[in-house]
Amino acid sequence: MGAQFQTRRDFLKTSALAAASVPFLGALAPRAFAADPDRKLGFALAGLGNLSTHQLAPALQKTKYCKLTSIVTGQPAKAERWKVQYNIPDKNIYNYDNMWQMAGNPDIDVVYVVTPNALHAEHTIKAAKAGKHVLCEKPMEVSVEKSQQMIDECKKAGKQLAIGYRLHFEPANLECVRLVREKTFGDLRMIEAGFGFPIGDPTQWRLNKALAGGGPLMDVGIYALQATRYLSGEEPAEVSAITTVTDPVKFKEVEESIVWQAKFPSGILAHCSATYKVPGTNFFRARADRGWFELDPAFSYGGIRGRHGDGQAIRFEDIDQFAAEMDDFALCILENRPTKVPGEEGLRDVKIMMAIYEAVKTSKTVKLA
Ligand code: NAD
């Protein structure tokens, strides 16, 4: 069978049909933007590491409704480089201690928090208190309590909070959700998913439990967890899990690899893994009554592709997932409607990941309320 390669325009047409009844698909529906169509929201990037440098700042240049107007960094030398590269005025450059001074700066509408996981609450709350909307990277935080605090403080400030779940805007992942919702292969029964990579520098924060909250589960396993949730459209009822460490020098504080299982209320079973050791794990496969489909790679920034069990390809034109995610959040703010990736969605993942770690610790199945 021929490859299925739709243009984004074709995809938007087909996805718009399904969008009304499927929350995961909703944000790709084309919409009329009645207010000033030239209005762009000012974004401050807080944390100028790898993701900001190589993905977010370049993506902001491609957005329709956003512009990079401000930076937050603890390193003056970095501020100098960014200031020149992105033409950022001195009055829009902040550090983590003076973020409160953003209040009243009309150049900033949204703060995008891109710091290590355990600093997300601190920086989100500072931004909300300064009267800014917040887009925060995944995982939302390292505990349920801190995640809830982020939601509460943004609500108190009357500001929106979104989590950087870029795959909610990615056409091939959306197509797989459509295959399940429309029961193209009948009822979904089982999901296998995994994501991982061999981690390098042993001194990085990702291997530090206090800053990362955990190992590959928190960093990349969250994508496999998300896939099980958006494919099934359900929340796991129970989880069990096991971890391994074969390099105790590098993995003193966090797991090296983890495998977990989840059972969903309808009876769907998921079998997932995340690793900081093994290369090339980046996939999901969904098995239904009359067939299966998969994406491999499933979670990359580009090149996502897959197939149905009969060989038919699943492939769409690459989009800039970060630009799509930021434009969608900007539109939600401009049109005063909720994002489909709110803080509550981030909190659900954190709750499940904590239950998975609890299952590892106790060697018991953990039930989720
Ligand atoms: P990074 O280490 O490259 O950058 C982190 C930044 O935070 C650095 O600029 C660093 O200087 C700054 N920072 C501030 N306080 C710090 C402290 N106390 N310790 C260490 N660094 C501190 O990390 P990254 O890869 O850019 O990841 C940042 C966040 O983005 C993480 O939450 C990560 O999970 C998330 N992320 C998401 C994606 C995605 O696809 N959505 C991809 C990569 C990273």
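This is a predicted model: local features need pLDDT of at least 70, side-chain atom pairs count only at pLDDT 80 or more; totals for chains, interfaces and linings use all residues.
I began with R285, whose charged end sits over the ring of W292, 3.9 Å from its centre. For such a contact I asked that NZ of Lys or CZ of Arg be within 6 Å of the ring centre and within 35 degrees of the ring normal. I also found K340 over the face of F169, at 5.0 Å from the ring centre.

Residues are numbered from 1 along each chain as its sequence is written, and side-chain values use heavy atoms, with hydrogens and water left out.

Next I searched the whole structure for aromatic pairs and got 9. Rings of Phe, Tyr and Trp (its six-membered ring) pair if their centres lie within 6.5 Å, with planes under 30 degrees apart stacked, over 60 edge-to-face and the rest tilted. F195 and Y223 are edge-to-face because their ring planes stand at 85 degrees, with centres 5.4 Å apart. This pair links strand β8 (residues 188–196) to helix α8 (residues 216–232), 28 residues apart; helices (H or I, at least four residues) and strands (E, at least two) are DSSP runs numbered from the N terminus. F195 and Y223 are both buried, meaning under 20% relative accessible area with a 1.4 Å probe, protein chains only. Together with F284 and F299, they form one aromatic cluster.

Last, I looked at helix α6 (residues 171–181), where 9 of the 11 residues are buried, among them N173 and E175. Just after α6, I noted K183 with a positive phi of about 50 degrees.

Key: Buried means under 20% relative accessible area, exposed over 50%, partly exposed in between (1.4 Å probe, protein chains only).
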